[in-house]
Amino acid sequence: MPDFAHPWTRFALIVVIALAVAGLLRRVVKFLLRRFAVGHPAGASMIARANAPMEAIVPLAMLLIAFRAAPDEPATLIDALEHAVSLGLIGACTWFVVRCIGALDATVSRFNPIDLEDNLRARRVQTQARVLSRTGSVVAVVLGIGVALMTFPTVRQFGASLLASAGLAGLAVGLAAKPVLGNLIAGLQIALTQPIRLDDVVVIEGEWGKIEEITSTYVVVRIWDERRLVVPLQYFIEHPFQNWTRTNSQVLGSAMLWFDYGLPLDPLRTELERLCKQAPEWDGRVCVLQVVDTNDKAMQLRALVSSSNSSKSWDLRCKVREGLIAFVQREYGGFLPRLRGRFEYDVDSPAVGADSPAVKADSSAVGADSSAIPRQRARSL
């Protein structure tokens with residue numbers, strides 16, 4: 001027969017009762033949450049993600065209450081256990097908050113997919129949710145660590161002494177934390193003003209790519225050749241860059257070509273229209289052929305075409321360039337860019353004698369006037 005008057009017996013009994021109540025309470029809470037999640041997909045996602053920390057929060061909370069109600073005799077052991085349980089409860093609560101924030105982010109992403117043709121609003125919402133959730137998670141973890149450290153008396157005293165002599169120490173900590181705080185503030189600026197969004201097409205540091213991931217400190221840009229460019233968040237606040245999908249994804253693309261001056265332009269414009277109408281990448285807005293530059297040998301043409309996004313624009317430009325070159329080769333092969341030259345032969349040159357067949361032919365063609373015979377020179381026209 002156990003002696004219930006003994007402090008350790010009462011302490012063990014209180015712990016067992018607390019764990020039993022925690023198990024019962026956990027079942028009741030789980031049942032109620034499941035009933036609530038039947039018609040709420042967002043709530044179901046949050047409950048599924050927060051289930052693991054909830055399994056720890058309820059028993060730890062009940063144990064903490066039990067330790068507060070325990071007898072005073074085993075005070076040293078109870079204080080140590082109470083401190084350990086308090087740290088575990090703080091960690092579980094922090095874990096719970098982080099998982100809930102992640103569940104909200106996942107829910108927003110699921111209800112706003114970006115794999116659509118017109119995904120501007122979805123990218124805006126996802127970017128805000130992603131940046132704010134990452135920032136909120138960082139803040140929750142930092143606060144959790146701060147609360148946990150404040151449970152140690154020595155740390156509290158160290159903090160008080162640090163504040164008492166906070167001059168240079170505070171300055172050093174501020175300078176050391178500047179990159180972290182700067183990126184966090186930049187993340188909030190990006191979430192609110194949105195100079196970039198997820199899946200935006202950007203040109204940064206001379207590289208063309210899409211915004212693949214936005215974290216609390218950096219942005220991952222997926223380059224067209226499947227490389228990844230990692231850029232700090234502050235870069236997008238402090239440096240200029242190109243955003244090709246800021247308001248919409250429609251872009252104009254140009255194909256530059258060089259042809260001879262004798263090439264007629266009307267048939268080439270007709271061929272460009274035919275190529276655009278046959279290309280699924282063309283959105284029907286712009287299809288123009290213009291002479292944009294000239295030099296002493298050829299003229300430069302620009303075929304300006306439009307597409308609904310930059311990826312299609314690249315494919316359309318390549319198709320237009322290949323199609324126009326093939327058309328000129330097939331129909332007007334004599335008007336491709338070439339270097340013209342005229343050779344003149346001198347009958348007095350030792351390399352070309354008077355009995356040379358070429359000289360005789362030229363002499364018979366131009367008559368007795370030797371001044372009309374071409375001399376041995378070459379020059380480009």
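Q: Which residue in β2 does V202 stand opposite?
A: In this predicted model, V202 stands opposite G209 of β2.

Q: And how many bridges join β1 to β2 there?
A: Four bridges join them, with β1 covering residues 201-204. The two strands run antiparallel.

Q: Nice. Where does β2 go next, and how many residues does the hairpin to β3 go through?
A: The hairpin from β2 to β3 goes through three residues. β2 spans residues 207-214 and β3 spans 218-223. Five bridges hold this antiparallel pair together, and I214 has V219 of β3 as its bridge partner.

Q: What about β3 and β4, how many residues sit between them?
A: Four residues lie between β3 and β4, which form a hairpin too. In that turn, E226 has a positive phi of about 70°. β4 is residues 228-232, and five bridges join this strand to β3 in an antiparallel arrangement. Across that pair, R222 stands opposite R228.

Q: So what order do the strands take in the sheet?
A: The order is β4-β3-β2-β1-β5, an open sheet of five strands with antiparallel pairing.

Q: Which ones are the edge strands?
A: Those are β4 and β5, the latter at residues 242-243. Each of the two pairs on one side only.

Q: Changing topic: how many residues are in the largest nonpolar core?
A: There are 19. The residues with the most contacts inside this core are F259, L268, L272, A303, V320 and L324.

Q: Which elements give two or more residues to it?
A: β6 (251-259), α8 (265-278), β8 (299-307) and α9 (310-331) do. The largest share, five residues, comes from α9.

Q: You mentioned L324. What is it in contact with, leaving aside its neighbours within four places in sequence?
A: L324 is in contact with L257, F259, L268, E271, L272, L275 and A303.

Q: And what does the second core include?
A: I190, L198, I204 and V219 are included in that separate core of 17 residues. V219 is also the β3 residue that partners I214.

Methods
Residues numbered from 1 in each chain as written. Predicted model: local features only at pLDDT ≥ 70, side-chain atom pairs only at ≥ 80, totals over all residues. Heavy atoms only, no water. Pairing = 2+ DSSP bridges. Core = buried A, V, L, I, M, F, W, Y, C linked by side-chain atoms within 4.5 Å. Buried < 20%, exposed > 50% of the residue type's maximum accessible area, 1.4 Å probe, protein only. Contact = heavy atoms within 4.5 Å.
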